[in-house]
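Please read the following briefing alongside the sequence and the model.

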Amino acid sequence: MKRYFLTGLLIWVPLGITVWVVKLLIGSMDQSLLLLPYRLRPESWLGMSLPGLGTILTIGVILLTGMLTANIVGQRLIRFWEGVLARIPVVKSIYYSVKQVSDTLFSGSGEAFRKVLLVRYPHPEAWSLAFQTNLPRDVGSRLDGEYVGVFIPTTPSPVNGFYFFVKKSETIEVGISVDDALKYIISMGVVTPAEKDSPIRVYPGN
């Protein structure tokens with residue numbers, strides 16, 4: 001009975017989590033319908049809400065925005081809009097910081113993280129997977145020795161984490177891809193894709 005129960009869990013747990021995540025995403029994108037006048041919303045002319053209609057609207061707006069900004073006129077409008085935002089002190093800092101991150105993540109040529117490292121965290125006797133990022137020049141000039149910027153993600157949500165500056169000599173470069181490292185983190189170490197292809201390669205002595 002125990003074996004059958006565990007087999008059933010292995011089927012339903014991933015399926016349930018997938019459905020929950022998809023439902024959460026669709027529900028979040030459906031909020032875009034609130035931007036429409038009430039008379040144009042489905043509940044006003046159908047008497048009921050249609051799940052997923054907001055998702056279609058959101059995707060359509062994103063595609064339309066991309067099409068409009070792909071030409072010269074659209075690029076001029078974007079530069080004008082960014083020029084307006086650049087004159088607002090607090091908004092300027094938030095907007096350009098988020099823009100740089102999104103440009104790096106969604107750009108076809110950019111890389112969000114340079115390499116996968118092992119760093120000592122949360123105490124000297126433990127090691128954690130981390131991603132090497134950029135070290136601000138003004139910060140590096142104030143530190144003694146060679147330091148690197150690292151992002152240590154949390155499990156199972158890698159979008160949250162900690163940003164530290166650590167000595168390069170106290171890090172270990174791990175020869176796996178960023179995608180594989182994310183799979184380790186999201187699955188809490190249960191999924192080990194590198195074992196199917198090649199063993200983890202550690203490069204000490206950076």
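Buried here means under 20% relative accessible area, exposed means over 50%, and partly exposed lies in between, with a 1.4 Å probe and protein chains only. The model is predicted, so local features need pLDDT of at least 70 and side-chain atom pairs count only at pLDDT 80 or more, whereas totals for chains, interfaces and linings use all residues. Residues are numbered from 1 along each chain as its sequence is written, and side-chain values use heavy atoms, with hydrogens and water left out.

**Aromatic pairs and the cis peptide bond**

- Four aromatic pairs are found in a search of the whole structure; rings of Phe, Tyr and Trp (its six-membered ring) pair if their centres lie within 6.5 Å, and planes under 30 degrees apart count as stacked, over 60 as edge-to-face and the rest as tilted.
- Tyr121 and Phe162 form a tilted pair, at 5.7 Å centre to centre and with 45° between the planes.
- This pair links distant parts of the chain, 41 residues apart, with Tyr121 in the loop between strand 1 and strand 2 (127–133) and Phe162 in strand 4 (residues 161–167).
- Both partners are partly exposed, Tyr121 at 24% relative accessibility and Phe162 with a relative accessible area of 37%.
- Tyr163 and Phe165 form an edge-to-face pair, at 5.1 Å centre to centre and with 75° between the planes; Tyr163 is partly exposed at 42% relative accessibility, as is Phe165 with a relative accessible area of 32%.
- Ring pairs also join Tyr121, Phe162 and Phe164 into a cluster.
- The peptide bond from Tyr121 to Pro122 is cis, with omega near 10°, and Pro122 is found in the loop between strand 1 and strand 2.

- Phe5 is found in helix 1 (residues 2–30) and is exposed, because its relative accessible area is 56%.

**Whole chain**

- The protein chain has eight helices and six strands, and from the N terminus on its elements run α-α-α-α-α-β-β-α-β-β-β-α-α-β.
- Of the 206 residues in the protein chain, buried residues make up 20%.
- Among contacts between residues at least 6 apart in sequence, 40% join residues at least 24 apart.
- The protein chain exposes about 15500 Å², of which carbon and sulfur atoms supply 66%; accessible areas come from the Shrake-Rupley method with a 1.4 Å probe, and for residues only the protein chains shown count as cover.

How values were computed
Helices (H or I, at least four residues) and strands (E, at least two) are DSSP runs, numbered from the N terminus. Contact means heavy atoms within 4.5 Å.
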